[in-house]
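The terms used to describe a protein model rest on stated criteria. The questions below ask what lies behind such terms in one case.

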Amino acid sequence: MIRLHNIHKTYVLDSGRQVQALKGIDLEIRDGEIFGVIGLSGAGKSTLIRIINMLERPTEGSVEVNGTELTSLNDAQLRAERRRIGMIFQQFNLLSSQTVSGNVAFPLLLERHADKSKVRERVLELLKLVGLEDKADVYPSELSGGQKQRVGIARALATDPKILLCDEATSALDPKTTASILRLLTSLRKKLGLTIVIITHQMEVIKECCDRVAVLDGGLISELGSTLEIFSTPKQDLTKRLVSAAVRRDVQDLLEHLKVHEKPEEGDALALELLFLGEKANDPVIVEVAERSRARISILGGAINHIQGQPLGNLVVELAGAPEVIENALKMLQEKVFRVTVLGYAAKGGQNHD
Ligand SMILES: Nc1ncnc2c1ncn2[C@@H]1O[C@H](COP(=O)(O)OP(=O)(O)OP(=O)(O)O)[C@@H](O)[C@H]1O
Ligand SMILES: [Mg+2]
């Protein structure tokens, strides 16, 4: 368990100017979860994650990791605790003069009574874990970005930590490689019983693998919830924007070009955005409502995402028909669909109205 209480961090610049990077963070991260922290650049994400392993000391507040209060430890005690907290970085931070196995062995060789043959054995075991057993004697310059990050992960796990901190670990990677690294992290969580903290500015990363997520905004947590909650019912504007960018990309264009007005004119269609959650995303709800209400429903576009194994579907539709038919169809949809957002009325030029 990671417990942060009332964490403040103020940097004092050479000029004497102060930057309040964190302004009072309370956060509990449970054992075995993959916890995401998302926020815009400068929100304080890196500061927050570096406070968890005390690479950065908080100006105020307490940091409790597995029952130990880290802020009260001396340097030697802190080094010992840090062995139980691995970390990976956006730029991988590998030693270019060392082979892959040299890099992975590094934290093990720092130990006082390192037994070379045992280290070699452990390194091969770690490389196998990340799918790089054939790269032991290769130099980092010969690896792809995804392979470099796998080396970073193997090195971070060398001292058998129970916590893995990831600071923008996939930000330098293309989407396909990102997905494969996130799959690796998810499988390692299970295999090794890891607790994983992921810092990212990409909602896609959260969507792929996090159980819960905190939104960091200007040094404070503005919203926190399960990934499904955050994606299906975002509350703050920033969260809504982040979620939109990630799940509604396909309907975003459509919404921007949709010409709607508030007051209906004769023969107008009603434009709606529907959010389907869970198994309902697969229900033939639209067909049923169209049949029962006799409204004409046209589907303008949509997208389905999977979050924590659950389908979440966005659909933009237009209802056409007599006003009372539209109203009736809207009511039925509101009963059956997770969320219905009325976008407005759209002209249906030249069509027949009933
Ligand atoms: N070592 C430092 N000295 C002074 N100011 C710092 C230092 N590190 C961070 N800051 C400032 O603290 C604030 C938070 O920075 P931080 O790096 O934690 O944000 P971030 O969310 O990780 O941003 P990014 O997404 O760009 O990595 C910023 O205003 C930043 O300029
Ligand atoms: Mg950062």
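This is a predicted model: local features need pLDDT of at least 70, side-chain atom pairs count only at pLDDT 80 or more; totals for chains, interfaces and linings use all residues.

Q: What makes up the chain, and what are its extents along the principal axes?
A: The chain contains 12 helices and 14 strands. Its C-alpha trace spans about 85 × 50 × 35 Å along the principal axes. Of its 354 residues, 36% count as buried. Among contacts with a separation of 6 or more, 69% are between residues 24 or more positions apart.

Q: Which domains does the domain assignment give, and how far apart do their C-alpha centres lie?
A: The assignment gives domain 1 (2–245) and domain 2 (249–346). Their C-alpha centres lie 40 Å apart. Seven residues from domain 1 and 10 residues from domain 2 take part in the contact. On the side of domain 1 that touches domain 2, the elements giving two or more residues are α8 (227–232) and α9 (237–247). Helix α8 gives the most, with four residues. By class, this side of domain 1 holds three nonpolar, three polar and one charged residue.

Q: Why is Met54 called partly exposed?
A: A residue is buried with 20 or more other C-beta atoms within 10 Å and exposed with 12 or fewer, and the cases in between are partly exposed. Met54 has 18 C-beta neighbours inside 10 Å, and therefore counts as partly exposed. Met54 is placed in the loop between α1 and β4. Although Met54 is not a glycine, its phi is positive, at about 60°.

Q: What makes β9 and β10 a pair of strands?
A: Pairing requires at least two bridges between the strands. Strand β9 (residues 212–217) and strand β10 (residues 220–226) have six bridges, in the antiparallel sense, and therefore meet that requirement. Asp217 has Leu220 of β10 as its bridge partner. The hairpin has two residues between the strands, and Gly218 takes a positive phi near 55° there.

Q: How do you know which strands are at the edges of the open sheet?
A: The sheet has four strands in the order β2-β1-β4-β5, with antiparallel pairing. Strands β2 and β5 (68–69) each pair on one side only, and these are the edge strands. Within the sheet, strand β1 (residues 2–12) and strand β4 (residues 60–65) are joined by five bridges. Against a requirement of at least two bridges, β1 and β4 therefore count as paired.

Q: Which residues of the largest nonpolar core touch the most other members?
A: The core has 68 residues, and Ile52, Val104, Ala154, Leu165, Cys166 and Val197 touch the most other members. Helix α5 (residues 145–157) gives the most to this core, with five residues. Another core, of 20 residues, lies apart from it and includes Ala271, Leu275, Phe276 and Ala329. In soluble globular proteins, nonpolar side chains tend to be buried together.

Q: With which residues is Ala154 in contact, leaving aside its neighbours within four places in sequence?
A: Contact requires C-beta atoms within 7 Å. Ala154 is in contact with Val104, Leu126, Leu127, Leu129, Val130 and Leu132.

Q: Which residues of helix α3 are buried, and what covers them?
A: In helix α3 (residues 100–109), the buried residues are Val100, Ser101, Asn103, Val104 and Ala105. Their cover includes α4 (116–129) and α5.

Q: What makes up the shell around ligand 1?
A: Of the 13 residues around ligand 1, Tyr11, Ser41, Lys45, Ser46 and Thr47 come nearest. The shell divides into five nonpolar, seven polar and one charged residue. At least two residues each come from β2 (18–29) and α1 (45–52). Helix α1 supplies the largest share, three residues.

Terms used. Residues are numbered from 1 along each chain as its sequence is written. Chains are lettered from A and ligands numbered from 1 in the order in which they are written. Domain bounds come from an automatic or database domain assignment. Two residues are in contact if their C-beta atoms, placed from the backbone, lie within 7 Å. Ala, Val, Leu, Ile, Met, Phe, Trp, Tyr, Cys and Pro count as nonpolar, Asp, Glu, Lys and Arg as charged, and the others, Gly among them, as polar. A residue is near a molecule or strand if its C-beta atom, placed from the backbone, lies within 6 Å of it. A nonpolar core is a set of buried Ala, Val, Leu, Ile, Met, Phe, Trp, Tyr and Cys residues joined through C-beta atoms within 7 Å.
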